[in-house]
Amino acid sequence: MLETNFMGLKLKNPIIISAGPWNGDGKKLRNNLKAGAGAVITETIVSDPFSKISEQVAYNGQGLQNIRYYSRFQLERWQEELKIAKSDGGIVIASISGHSPSEVTYLAKKLEKYGADAIEISLSCPLGEGVEVPCSDRNFVYDIVKDVVGNVKIPVMVKLSQHVNNISEVSKAAKKAGASAISAINTIRCILGVNIEEGVPLLPTYGGYSGVPIRPIALASVASIAQSVHIPICGVGGIENYENVIEYMMLGASTIQIGTALMLNGDSIIGKILNDLEKWFKDKKISSIDEIRGKALEQIKPLDELSLQPMTCKCDDKVCKEGCNLCIEYCLENAIKAINNNIKIDKLKCIGCGLCVHICPVNKLQIYDEN
Ligand SMILES: Cc1cc2nc3c(=O)[nH]c(=O)nc-3n(C[C@H](O)[C@H](O)[C@H](O)COP(=O)(O)O)c2cc1C
Ligand code: SF4
Ligand code: SF4
């Protein structure tokens with residue numbers, strides 16, 4: 001039911017563990033496969049590992065900032081690590097990055113030789129001073145992907161970022177160059193916060209933001225790619241439960257990746273999401289991912305195609321015993337009053353913004369089309 005063919009690889013399920021320190025060596029990769037993942041992606045392997053930074057993450061209960069800069073291992077060490085990772089079977093994707101086509105292709109060829117089942121080219125790390133990420137330049141993406149694809153036999157996925165002017169155009173360049181899939185998104189450049197007592201930032205440099213708060217941004221990136229390019233998509237960003245997996249699929253993703261949620265909850269989250277996902281599929285009598293992929297996509301239209309409909313708000317049973325008055329306080333149009341617990345909505349004032357509907361803690365209010 002959850003098996004899927006992704007880039008020609010037979011995945012037992014669509015849950016892939018993303019590139020990061022949780023996949024930083026062979027044992028971790030193997031453990032995440034054992035915990036049920038359909039595939040795992042190594043921490044990004046580069047030709048010049050950077051090992052200066054000691055403090056690497058900060059977390060505020062919602063999102064996480066990291067300043068960890070790729071794998072610390074030299075390329076050659078990954079020969080042994082990949083052997084360990086694959087020792088109980090399972091699909092291992094090697095994540096790589098670099099500054100030029102020849103550098104990235106060199107890494108790809110070596111990792112193919114070491115046994116990687118596919119390559120993910122990560123051109124999207126936001127660490128550093130500037131907002132530019134390598135994948136901002138679609139010609140650079142094209143040149144790198146074309147060179148790698150021309151030199152390895154295994155499938156090649158390209159990991160993109162929200163930090164590009166037009167993710168659809170960059171995705172088109174990746175497809176034209178022969179990429180088998182696109183993964184989106186990487187972390188978003190951030191400063192998580194400042195310790196105001198000490199007057200210092202939580203971490204001493206710009207980092208990458210991940211976890212739940214980036215999910216809406218990542219969902220939009222996935223939808224934009226799916227609406228403009230016909231290529232398998234792997235959705236990444238803020239996934240912490242099975243509902244999130246389905247959201248990504250309904251917006252066009254074929255597979256998804258999990259990173260921060262695994263870091264914060266441990267690998268048991270993989271089994272939990274898989275069980276819940278399987279149950280949801282069974283309950284809804286859905287037999288394959290293809291049945292739901294892109295289902296919500298057609299409802300996402302360009303702003304200028306939306307027709308303005310007169311919407312208004314109503315309170316079904318009029319009497320509200322809760323009496324929290326939040327709807328009254330929040331309504332910017334002063335359209336709501338409560339007289340003896342009776343909710344009255346002034347239709348002449350209500351502009352149908354929907355705010356009160358989302359604010360009401362007991363779902364008493366609804367928005368409806370007046371026609
Ligand atoms: C500590 C940490 C290290 C990461 N390292 C890498 C990396 O080496 N290569 C990469 O492409 N992405 C890396 N990422 C990004 C994740 O793979 C993922 O794209 C991002 O965190 C969004 O997904 P999430 O919200 O599920 O974590 C890292 C993220 C974190 C939090
Ligand atoms: S829909 Fe908006 S304008 Fe109308 S009552 Fe609710 S908050 Fe006020
Ligand atoms: S927000 Fe909901 S519960 Fe609170 S007063 Fe308005 S209708 Fe009642």
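A residue counts as near a ligand here if its C-beta atom, placed from the backbone, lies within 6 Å of it. The model on screen is predicted.

**Stop 1: ligand 2.** Select ligand 2 and the residues around it, of which there are 13. Cys-313, Cys-331, Cys-350, Cys-353 and Cys-356 come nearest. Colour the shell around ligand 2 by class: 10 residues are nonpolar, 2 polar and 1 charged.

**Stop 2: ligand 3.** Move to ligand 3, which is surrounded by 15 residues. The closest are Cys-320, Glu-322, Cys-324, Cys-327 and Cys-360. By class, the shell around ligand 3 holds 11 nonpolar, 2 polar and 2 charged residues.

**Stop 3: the two domains.** Zoom out and colour residues 4–299 as domain 1 and residues 307–369 as domain 2. The centres of domain 1 and domain 2, taken over C-alpha atoms, are separated by 42 Å.

**Stop 4: the open sheet.** Switch to a cartoon view and find the sheet of 4 strands, ordered S5-S6-S14-S11. The sheet is open and its pairing antiparallel. At its edges are strand S5 (57–59) and strand S11 (188–190), each of which pairs on one side only. On average, neighbouring strands of this sheet are turned by 35° against each other, direction ignored.

**Stop 5: strands S5 and S6.** Select strand S6, residues 63–66, together with S5. The two run antiparallel and are joined by 3 bridges.

Note on methods:
Residues numbered from 1 in each chain as written. Chains lettered and ligands numbered in written order. Predicted model: local features only at pLDDT ≥ 70, side-chain atom pairs only at ≥ 80, totals over all residues. Pairing = 2+ DSSP bridges. Axes fitted to C-alpha atoms, helices over the stretch in contact; angles between N-to-C directions. Domains from an automatic or database assignment. Nonpolar A, V, L, I, M, F, W, Y, C, P; charged D, E, K, R; others polar.
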